[in-house]
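Trainee: Before I use the terms in this description, I would like to know what each one rests on. Can we go through them in turn?

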Amino acid sequence: RMFHDDELEESEKFYVGQPRVLLLIYALYNTLVARSEMVCYFVIILNHMISASMITLVLPILIFLWAMLSVPRPSKRFWMTAIVYTEVAIVIKYFFQFGFFPWNKHVDYTKDKPYHPPNIIGIEKKEGYVHYDLVQLLALFFHRSILKCHGLWDEDEKGDSSSNKDDTDDELSLTGGRRDSSASLKSVNLAASVESIHVHFPEQQAAIRRKSSSSISQLSHRSSFSSHRSKRDIFKTINRTTLSLYSLQCKLCDIKSHCGLCCFRTLQVYVPIRQFFYNLIHPDYSAVTDVYVLMFLADTVDFIIIVFGFWAFGKHSAAADITSSLSEDQVPEAFLVMVLIQFGTMVVDRALYLKKTVMGKVIFQVILVFGIHFWMFFILPGVTERKFSQNTVAQLWYFVKCVYFGLSAYQIRCGYPTRVLGNFLTKSYNYVNLFLFQGFRLVPFLTELRAVMDWVWTDTTLSLSSWICVEDIYAHIFILKCWRESEKRYPQPRGQKKKKVVKYGMGGMIIVLLICIVWFPLLFMSLIKSVAGITNKPLDVSITITLGGYQPIFTMSAQQNQLKSLDPNEFNDFLRSYRGDTAALQFLEGYAREDITRAELEGNSNSLWTISPPSRMKMIQGLRDFDADFTVVLSWTIQRSGIVIMKDCAQEAGQLNHCGSSKHARSILPQSEIEEVYPYYIKAPSDSLAKPIKQLLKDCKWENITVSLVKNGSEEGAREWWVLNQLGKRQKTPQESLELFIFSDKVSPPSLGFLAGYGIMGLYASVVLVIGKFVREFFSGISHSIMFEELPNVDRILKLCTDIFLVRETGELELEEDLYAKLIFLYRSPETMIKWTREK
């Protein structure tokens, strides 16, 4: 070896022989040292997320608009600003913790108010008010020590003093001139000094495209570099000239007032900021990179957070659910605004990426940083009526957005790539890229939206249809390339039959899948109620009886305590009473004890009989006419709730009309018996029709009831109501009453209610047939696409597509048309396609 040192070898052996836990600690410390500035950024952002005040707002904005945009690293001035600002913030917070301030006397009342001035500023009294600020200061001191150890702390000052010596001399002479007496200013001929300054502007040249060293010759690189340098020197000369002119004018104005001093101070702040962004947009060197994919993923994560946590961005919607809101055809305003803003930023970011405009990205970054921070910390707390530090979803969204800001700053600092070729998923030809790319194409409208946006914001001579044609060909060829590469990695020998593992593994899985799809509705509807069904007991049972279409004579309802479940003894007695009845036992097999409810209704009607005298006379005449039929209408209503079937509230009602002959309704006063009119057993299914159960009735005959009219008071002002009594009750009671047994079918749980609501035929129409249509596409029409699917080697076609992308990016639009015509001719000529796709 060229260099050998025994001590270094012994040190390396000693280091390798240490325990793994200690080696892990060493590695973590080295990682911390290497990324100490990222640790400072993280602590500052975390402090702002927890404190959420104006005091902590300054440093995050400076990070995204100053530190991360500095080339090659943040300057000493930034770190000194952060350290001094943190120390001042700690002192201010400590000073306002004393109890003699008025707002510190009612801390418990004002601590949760988002718009309380001390809470907004960050000077409220609270426990642990300075913990995160001390951690932030500790991180900043740690980073400063790392920079000093590597000699990077004073590097900026040394570089500035060596490279910009003339600038500093001018500034020193300028500041030294301000200390002269006012008498010396009189000798300055301002008009002559202004006229003697001549600035020569060269002719405007075309914008020089950023190109990599591999595609640009050394001479063109030097010429472009010299042009950039000349532009930067001219810009600096203009800035120095402007400062000198204004300084001379300010000196004269300073004799009369302080307005000139204010103008000069403003220029001293404005000109360096302008110079900073100018250097950012027109850099000397451009280490181009492409982090658009990571920015897109960050925006996608934010989009998902908005969709599943939209309630955190609205008022009085902490318990809201997006699915229930959409099912009621109600779109929350907060959800709509957040989705549109997030989607709009993604579209604008895509446009800037395609146009490769750094200036637009800088403007967008400034607007977005100020807009997001203003909305998140000043508007959102007022909308949600809770502080940002108490909104976990908003904190998560803001943290991901900070990651996006960091990536955007890195993209601005390094510059956009010169060429954007294809999809980022098409860089490799393996199974992972294949399945991810196909999943990307399955997302509704994503492929179409991307293709149209790329066509709008990319310079091309192709029409939209031609553009989409090239994109579709490229996607198809990429998929074929992945399959051809997989065949090369896992070759199949000739004449060898397929293994049973492959046949039974793949084929058996497809067979099981197809069978499950075909019989899914039947299995689902039969098992969902028997296995996962939930008992839905009735909440209200009402009975109404009407004679001949006149005013109802009887209305009664049973609720709460009047609706009773059968105890085990009663249920066994109930089953024992139907021993030997096959039809009844078969029906009772589908019901458990908790599915049966006994409703006890009082015999006295809960409403008075308020029929008019003419209708009363007609009713009596109809009862006395034995030649005509007189109907008795008995209707019932069963109400259940708690399970969602089609709507949020499942209210099921059933009604049946039973017409008895006239002989049952004659001589109804004072008491009459009506035969075979009372159902006694009611089935309450999951649909909206409650039916009587004939299997449980003896000889399929309904029960008999007695009706009587009761009067109370004198003849003129008498109050009348009807009284009903059931004759064959199971539960014997001395007073008049009615008894009704309700058999409630089990209903599907809420999590599967959206599928169960369609029914068997609905599931077949909406699920099976739709899936069957997509499955049929894989098994039919294959013969028509053989010449495009069975291509042995697609490398030349893939290279032709990438050549089209390449000449488009380099501005060779005529060559783009020629290559596109060549691609179209290739797909029109099967013979040429065969020659192009032969194995080499």
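What follows is a set of questions about terms and the values behind them.

Mentor: Keep in mind that this is a predicted model.

Trainee: Why is Ala67 called buried?

Mentor: Buried means under 20% relative accessible area. Ala67 has 0% relative accessibility, so the residue counts as buried. Its place is in helix H4, residues 54–67.

Trainee: Which residues is Ala67 in contact with, leaving aside its neighbours within four places in sequence?

Mentor: Tyr41, Leu62, Pro74 and Phe78. Contact here means heavy atoms within 4.5 Å, so each of these four residues meets that cut-off with Ala67. A separate value concerns Arg77, 10 residues apart from Ala67 along the chain: the C-alpha atoms of the two are separated by 10.0 Å.

Trainee: What are the classes of Cys414 and Cys516?

Mentor: Cys414 has a relative accessible area of 11%; the limit for buried is under 20%, so Cys414 is buried. Cys516 has 42% relative accessibility. Exposed would need over 50%, so Cys516 counts as partly exposed.

Trainee: How many disulfides are there?

Mentor: A search of the whole structure finds zero.

Trainee: What makes strands E4 and E11 a pair?

Mentor: Pairing asks for at least two bridges between two strands. Seven bridges join E4 (residues 596–602) to E11 (residues 737–744), so they pair, and they run antiparallel. Ile596 stands opposite Phe743 in E11.

Trainee: What sheet do they belong to, and what is its strand order?

Mentor: An open sheet of five strands, in the order E3-E4-E11-E7-E8, with mixed pairing. Strand E3 (563–565) and strand E8 (691–692) stand at the edges; each has a single partner strand, so one side of each has no neighbour in the sheet.

Trainee: What is known of the second largest pocket and its volume?

Mentor: The volume is about 1700 Å³. Its lining has 36 residues, and the closest to the centre are Gln438, Ile479, Trp483, Phe778 and Glu789.

Trainee: Which helix gives the most to that lining?

Mentor: H22, with 10 residues. Helices H20 (431–442), H22 (464–489), H23 (500–518), H29 (759–779) and H30 (786–789) each supply at least two.

Trainee: How many residues of the lining are nonpolar, polar and charged?

Mentor: There are 23 nonpolar, six polar and seven charged residues.

Conventions: Residues numbered from 1 in each chain as written. Predicted model: local features only at pLDDT ≥ 70, side-chain atom pairs only at ≥ 80, totals over all residues. Heavy atoms only, no water. Helix = DSSP H or I, 4+ residues; strand = E, 2+ residues; numbered from the N terminus. Buried < 20%, exposed > 50% of the residue type's maximum accessible area, 1.4 Å probe, protein only. 1 Å grid on protein atoms, 1.4 Å probe; cavity = no way out; pocket = protein on both sides within 12 Å on 5 of 7 lines; lining within 4 Å. Points joined across faces, edges and corners; volume = space filled by probe spheres on them. Nonpolar A, V, L, I, M, F, W, Y, C, P; charged D, E, K, R; others polar. Disulfide = S-S within 2.5 Å.
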